Amino acid sequence: MASSAGSAPTHLTPGMPRTVDERVTRKVALAALVGTALEWYDFFLFTTAAALVFNAQFFVSQDPFVAAMGSFATLAVGFVARPIGGFIFGALGDKVGRKKILMVTIVGIGVVTGLIGLLPNYMTIGLAAPILLVALRIVQGLAVGGEWSGAVIIAVENAPVAKRARYAALPQIGSPIGTILSSGGFFGMLFMVGQNNFDAWGWRIPFIAAMPLLAISMWIRSRLSESPEFEALIESGETEHAPIRGVLKNSWRQILVGMCSALLGIGGFYLITSFVVFYGNKVLKLPSELLLLGTLLAAALEIGALIWAGRMGEKFGASKVILWGGVASAIIAVPVFLAIDSRNPVLVVVGMMIGVAVLSIPYAVSGTALTALFATKVRYTGVAITSNTAGVISGFVPLIATALVAANGNSFWPGTIILLIVSILTAVSGIFLPGLSIKEEGMKH
């Protein structure tokens, strides 16, 4: 199979040493980054909108906590759909190739996001509005279930073994870029049209903007180079015919430990962004603009944290970065929420920035860690199931935190405790990762 992004080895057998052209590696990693940036832009639009507008547009209630619970439940539905998408697209990615599936998933995500921006609200079509929103969210969740795992895998499988942590961190940067674009879109619309117009129609514009962004992403991704490791499997006839069964039967320990390693980077992030935006706006009565600014600045700082942590993973091994990143996140959990609860604008923003930056340390190397847990012929399936199951748990974090805050007199302590628990689980996983990972020459676990 010829590569459109540059020359890659096409006559390999699995396990055979290979020569890697890093020019190709960089092009593939960039293409993966652009796709994940759109993926997270679309997904984070929904996350932020769930905290700011969906509770008023689609879930009408006199009690703001009831409306927020409905909104966050819809957010969680997308995460429930993700492992199903992981099963479907993961298995297909191990059978027909990484590149083909990544084209399908990016189209699904972009089209659904545009449709959400055009969806009539509860006041226009009644109960059909939240039902349609949930349906679109499910489709979006299915597509996301195959997107991130495929992007990280194709970046890793095109990279030199010793530099996988570096290149696996690049698709992760799509997360803060998506956050900057989504929060920046909402922040810009609030600034330009004001709160009333934003609530009425302005929130729709960032969703509709996903369509031209999709066209750009499709063009870039069409130039993506297929994984040489997968090409080797195709040529040798060693692709796995039942990857789901094989992963669940032989790699359940890897799935459990991998889930815990990914939990902080996903669940912790939604706690510091989506839940804090709701808590700050509805409980602390802080302006939406301040909380969106905090999210924007946190995402900007996260880019630097991801690049740095990726290099640390290359130097010391992903498991050590995950272990100490989890420990650091546990240490800062209480100070971060104290800063946010202070209502001081500067402390609120600084708290959000520190919280996101620290929990991003293990997230930077989670792609390296997860891909190392599974053999090439079941890697897409294994990573997709693992990361998306962690995503299911993470999707309920804002919902659980909101319910516990309401039950405890609007106290911030439930959020702090959740962050502590998630941080500890991720830290402990770093201890077990090396023993469960595939050993490759030049690879530090």
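In the predicted model, Leu115 lies in helix H4. Its relative accessible area is 41%, and Leu115 is therefore classed as partly exposed, a class that falls between the 20% and 50% limits. Leu115 is one of the residues of a nonpolar surface patch of about 590 Å². Two helices, H4 (98–118) and H9 (204–208), each supply at least two residues of the patch. The most is given by H4, with 3 residues.

When neighbours within four places in sequence are left aside, the contacts of Gln140 are with Asp42, Phe43, Phe46, Ile109, Val112 and Thr113.

Packing between helices was examined for H12 and H18. Helix H12 comprises residues 243–250 and helix H18 residues 379–395. The two pack at an angle of about 60 degrees, and their axes are 9 Å apart. The crossing of H12 and H18 is right-handed. On the H12 side, the residues that meet H18 are Pro243, Ile244, Val247 and Leu248; their counterparts in H18 are Thr381, Gly382 and Ile385.

Methods
Residues are numbered from 1 along each chain as its sequence is written. This is a predicted model: local features need pLDDT of at least 70, side-chain atom pairs count only at pLDDT 80 or more; totals for chains, interfaces and linings use all residues. Side-chain values use heavy atoms; hydrogens and water are left out. Contact means heavy atoms within 4.5 Å. Patches are made of residues with over 30% relative accessible area and no salt bridge: like charges are joined within 9 Å, nonpolar side chains (Val, Leu, Ile, Met, Phe, Trp, Tyr) within 5 Å. Accessible areas come from the Shrake-Rupley method with a 1.4 Å probe; for residues, only the protein chains shown count as cover. A salt bridge is a side-chain nitrogen of Lys or Arg within 4 Å of a carboxyl oxygen of Asp or Glu. Helices (H or I, at least four residues) and strands (E, at least two) are DSSP runs, numbered from the N terminus. Buried means under 20% relative accessible area, exposed over 50%, partly exposed in between (1.4 Å probe, protein chains only). Axes are lines fitted to C-alpha atoms, for helices over the stretch in contact, and angles run from 0 to 180 degrees between N-to-C directions. A crossing is left-handed if the near helix is turned anticlockwise from the far one by less than a right angle, and right-handed if clockwise.
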